[in-house]
Each structure stands twice: as structure tokens, then as C-alpha cells.
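Please read the points beside the sequence and the model.

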Amino acid sequence: MGAFFLSLLLIEVGEKPDLGVGYGLIGGAVIGLAQSWVLKEYIAHSWRWMWMSVIAWGLVGGSSVGVVGWITPAGEAIVFRAIYGALHGAAFGIWMGVAQWFALRHNINRAWRWPWILALCWSVGLGLGWTFGGVLRLLTGMFLGELVGLTIAWLAVASLTGIALNRLLSDAKKTAGN
């Protein structure tokens with residue numbers, strides 16, 4: 001979560017057309033560096049994780065999906081925010097999961113699960129975040145509600161992916177011990 005808040009010093013939260021490849025590269029570097037630093041005790045060559053994050057976020061930033069962790073939808077319809085959040089989250093999760101799989105595949109036997117896990121986690125997290133952000137923006141009339149929504153999204157994604165990665169690492173450790 002600290003990396004997300006740090007990234008806010010470098011990336012302005014906005015709507016999809018406002019943010020592109022450059023912001024994806026910056027965000028991917030900040031988040032990937034923080035994550036790889038934490039993972040260095042658990043996976044060999046954790047620096048690969050950072051580079052895969054930078055590449056994936058840069059590619060997604062240039063795609064129709066956009067820089068998911070820092071964008072908000074333009075519409076105010078809450079139902080569509082939830083649906084599009086879940087769909088964009090799933091799409092982003094697949095992209096990022098495949099990229100990070102390259103860093104995990106030599107360390108975890110069942111690393112092929114990671115893209116699917118990330119798709120589910122980002123789908124839930126972004127769907128919740130965009131929904132709450134929209135509700136708060138409607139209630140307050142302030143864009144700050146969107147930032148709160150993105151914080152909720154990042155908290156959900158960080159929690160869910162942390163639990164999932166911990167389980168994958170634990171399973172890998174058990175398998176290696178047998």
C-alpha cells in the first residue's frame with residue numbers, strides 16, 4: 001500500500017485517456033520495485049518481478065484497458081462502474097499475471113495458477129473500488145471520492161493477492177520438502 005501512495009506523488013489519478021504508457025511504466029516501476037523487495041526472501045531473482053511489472057503496466061497503459069490502478073471511469077452509473085471495474089480488473093489481472101508468471105515459474109510448481117488468481121483478485125478489487133469511488137463522488141460531488149475508491153481497490157487487491165501468493169509459496173515449500 002505504501003508503494004501505491006508513493007506512486008501518487010508521481011502519477012496523477014485521472015480518467016483513462018489522461019494516462020498512458022509513460023505513467024504505466026512509472027507506476028509499474030514503483031509498485032514492482034516495492035513488491036520485488038518484499039519477495040527477495042521468497043523467490044530467486046526477484047528483480048524479474050519488478051521488470052515484468054514495469055513491462056506489463058507499460059503495455060496495459062498503452063492498451064484500451066489503461067493504467068488500471070490510477071484511472072477512474074468517466075461515467076457515474078454505479079452498476080456500470082461495478083461491471084466495467086470487474087471486467088477491466090480481470091483483463092489487467094491476466095496481463096499482469098502472465099508477466100509475473102515469468103518471475104514465478106522457476107520458484108513455484110503451480111505458477112500457472114497466478115494469472116487466473118490475479119484476474120480474480122483484480123476483478124474483485126477494481127469492481128469494489130470503482131463502485132465505492134462512484135458512490136462517494138455522487139454523495140460528495142468531489143473527485144476525492146475516486147481516490148478513496150482506488151485506495152479500496154488497492155487494499156482489496158493487495159490483501160487478496162498477498163493471501164494467494166502466500167499459499168502458492170507455502171504449497172511450493174511443502175512440495176519441495178517431500
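1. In helix H4, the buried residues are Arg81, Gly85, His88, Gly89, Phe92, Gly93, Met96, Gly97, Ala99, Gln100, Ala103 and Leu104. Buried means under 20% relative accessible area, exposed over 50%, and partly exposed in between, with a 1.4 Å probe and protein chains only. Helices are DSSP runs of H or I with at least four residues, numbered from the N terminus.

2. The model is predicted: local features need pLDDT of at least 70, side-chain atom pairs count only at pLDDT 80 or more, and totals for chains, interfaces and linings use all residues. Residues are numbered from 1 along each chain as its sequence is written, and side-chain values use heavy atoms, with hydrogens and water left out.

3. H4 comprises 27 residues and spans 36 Å from its first C-alpha to its last, close to the 39 Å expected at 1.5 Å a residue. The expected span is 1.5 Å times one less than the number of residues in the helix.

4. Ala90 also belongs to helix H4. Its relative accessible area is 25%, so Ala90 is partly exposed. Leaving aside neighbours within four places in sequence, Ala90 is in contact (heavy atoms within 4.5 Å) with Ala119, Trp122 and Ser123. The C-alpha atoms of Ala90 and Leu126 are 8.8 Å apart, although 36 residues separate them along the chain.

5. A nonpolar surface patch of about 560 Å² is formed by Trp47, Trp51, Ile55, Leu59 and Trp95. Patches are made of residues with over 30% relative accessible area and no salt bridge; like charges are joined within 9 Å, and nonpolar side chains (Val, Leu, Ile, Met, Phe, Trp, Tyr) within 5 Å. A salt bridge is a side-chain nitrogen of Lys or Arg within 4 Å of a carboxyl oxygen of Asp or Glu. Accessible areas come from the Shrake-Rupley method with a 1.4 Å probe; for residues, only the protein chains shown count as cover. Helix H3 (residues 47-61) gives the most to the patch, with four residues. Trp95 lies in helix H4 (residues 78-104) and is partly exposed, at 37% relative accessibility.

6. Ser36, in helix H2 (residues 21-39), is buried because its relative accessible area is 7%. Apart from neighbours within four places in sequence, Ser36 is in contact with Ser46, Trp49 and Met50.

7. His45 sits in the loop between H2 and H3. The phi of His45 is near 55 degrees, a positive value in a residue other than glycine. With a relative accessible area of 43%, His45 is partly exposed.

Definitions and conventions:
Helices (H or I, at least four residues) and strands (E, at least two) are DSSP runs, numbered from the N terminus.
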